[in-house]
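Please look over the model shown here. The report below moves from one region to the next.

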Amino acid sequence: MEFLQKLQISTHNEGISTGSKWLAGHGVVINSYSPVDGALIAAVSTANKEDYDQVVTKAQEAFEQWRLWPAPKRGEVVRQIGQALRAYKEELGKLVSYEMGKSLQEGMGEVQEMIDICDFAVGLSRQLHGLTMHSERPGHRMYEQYHPLGVVGIITAFNFPVAVWSWNSMLAWICGDVCVWKPSEKTPLCAIACQHIITSIFEANGVPEGVSCLVSGGREVGEWISKDERIPLVSATGSTRMGKAVAVNVAQRLGRSLLELGGNNAIIVTKNADLQIAVPAAVFGAVGTAGQRCTTTRRLIIHEEIFDVFTNKLLHAYQQLKIGNPLNPENHVGPLIDKDAVQQYLHAIEECKNQGGVFLTDTGVLDGEAYSSGCYVKPCIAKVAHHYPIVHKETFAPILYLIPYKTLEEAITIQNSVPQGLSSAIMTTDLREAELFLSHAGSDCGIANVNIGTSGAEIGGAFGGEKETGGGRESGSDAWKNYMRRQTNTINYTNQLPLAQGIKFDI
Ligand code: UN1
């Protein structure tokens, strides 16, 4: 396949790199299979503990130099990465689609998110502002500045195999940090392709070896990173279970963690909703990326008066969905990532039925030649009651739960009464309803939208959520502050030594 060649992916790849150098890993070899057709794409070597330690040592050495580069010069390197990503958008988008299974449109959209964060980071490289304060002491100046932090560990999930790394690494780089990336073992080739793309830019700019490190491997690599005192910040995206394990390890050594974990995102559809918007927003939110985004719409909380009308429109839209090879632009829904994910989908459907859920669509796994990987499932819709335990869990699959409500207060309570707190939305043309939803008595999520769905956030805003979602904020707004250490400075430019708080100390 031509796009693999262009991205320098061969049949066997080293999965460990400190930049231009690729290291032979001493861990097990991972085979990457495509959920699109079940084919073996390529093999990747992984790291053992010694390989890992060698990489982190190199990263530490690189930090000593990289932190001295002026931030706008680091920004210039990131600008060039953005250009390279534009040049490779199609190939990388295709690889994301083929290795992960999302539609080609979404694969390219993911690369676009990378380009966007590069542009954002370039501007930011001249805006790493601190505040100045007025000192209570005469002849004193007080201000704060942000300094580079060190080695940043980045643990990413299969569902956004390239974008989430870029949200972290582009900001970390302009902040003067160096990165050690542990990609999902389900999408190792996407990571290798990214490393190849940036390496050529780094070499041309004389960026020290070790600023961008890649350590492929399984769960143990994440554990090494989270326990490693040489890594002051660990940014982890994935399941709540993984996030809790990382958080405990990082907290044990009083490091910083930035967590972006599960979501159980709802759209409230009020009787004042514009259904022309609400229906497509719900459908894209629920079936986009085959229900495998953290921002996927999992629950629709619908006013009882429009419940039937809305449900019928939704069912009609579901009938139009084309499921199949995601590289074919006509298809809306591709496969799940692997057969384990298919089992989880089937299991959630069983649980939902056992708890009283009524499915309004077909459910199940598709078979036939076009679906030979065994990973294609039918997006489905169930009418449920809010208290069913399954409704409070995040199942990474296209299963949408419908819940009727009477008052908006009740709808907001339902929406907030789950352990997760990532994304939320309300569909309404009524100002009062929208404002209540956005108020402190409204949605408890990190993201709250009006008249758009729960997924598809832009990189300009801070991305992340509350409660079991982990509390971290990545990407836009002032998320960069996570990647730096703040220092408060007070300077006395007099020949006196007045003490703060009016304390006298005469000697
Ligand atoms: C994720 O699923 O981990 O808002 C990230 C969205 C995308 C990012 C999702 N911009 O759906």
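Which residues of helix H8 (residues 219–227) are buried? In this predicted model, they are Val221, Gly222, Trp224, Ile225 and Ser226. Residues three or four places apart on an α-helix point the same way, because a turn takes 3.6 residues.

**Strands E11 and E12**

E11 pairs with E12 in the parallel sense, over five bridges. Ala236 stands opposite Leu259 in E12. Strand E12 (residues 256–260) is mostly covered, with four of its five residues buried.

**The three-stranded sheet**

Another sheet is open and has three strands. Their order is E1-E5-E4, and the pairing is mixed. Strand E1 (12–13) and strand E4 (29–33) are the edge strands, each pairing on one side only. E4 and strand E5 (residues 40–45) pair in the antiparallel sense over five bridges. Asn31 stands opposite Ala43 in E5. Strands of a sheet pair through backbone hydrogen bonds. Helix H7 (residues 188–205) lies across E1, E4 and E5. H7 runs at about 70° to E5.

**The ligand shell**

Which residues surround the ligand? They are Glu113, Asn159, Phe160, Val164, Thr237, Arg293, Cys294, Thr295, Ser455, Gly456 and Ala457. By class, this shell has four nonpolar, five polar and two charged residues.

**Thr295**

Thr295 is part of the ligand's surroundings. Its place is in the loop between helix H10 (275–287) and strand E14 (297–303). Is Thr295 buried or exposed? Thr295 has 22 other C-beta atoms within 10 Å. The cut-off for a buried residue is 20 or more, so Thr295 counts as buried.

Which residues does Thr295 contact, leaving aside its neighbours within four places in sequence? The contacts are Gly263, Asn265, Leu422, Ser423, Thr454, Ser455 and Ala457. Ser455 and Ala457 also belong to the ligand shell. Trp165 lies 130 residues from Thr295 in sequence. In space the two are 17 Å apart, C-alpha to C-alpha.

**The annotated domain**

An unreviewed UniProt entry lists residues 22–488 as "domain: Aldehyde dehydrogenase". Over residues 22–488 the chain is 39% helix and 20% strand. The end C-alpha atoms of this stretch are 40 Å apart.

Methods:
Residues numbered from 1 in each chain as written. Predicted model: local features only at pLDDT ≥ 70, side-chain atom pairs only at ≥ 80, totals over all residues. Near = placed C-beta within 6 Å. Nonpolar A, V, L, I, M, F, W, Y, C, P; charged D, E, K, R; others polar. Pairing = 2+ DSSP bridges. Helix = DSSP H or I, 4+ residues; strand = E, 2+ residues; numbered from the N terminus. Contact = placed C-beta atoms within 7 Å. Axes fitted to C-alpha atoms, helices over the stretch in contact; angles between N-to-C directions. Buried ≥ 20, exposed ≤ 12 C-beta atoms within 10 Å, placed from the backbone. UniProt positions renumbered as here; feature names shortened; annotations may be inferred.
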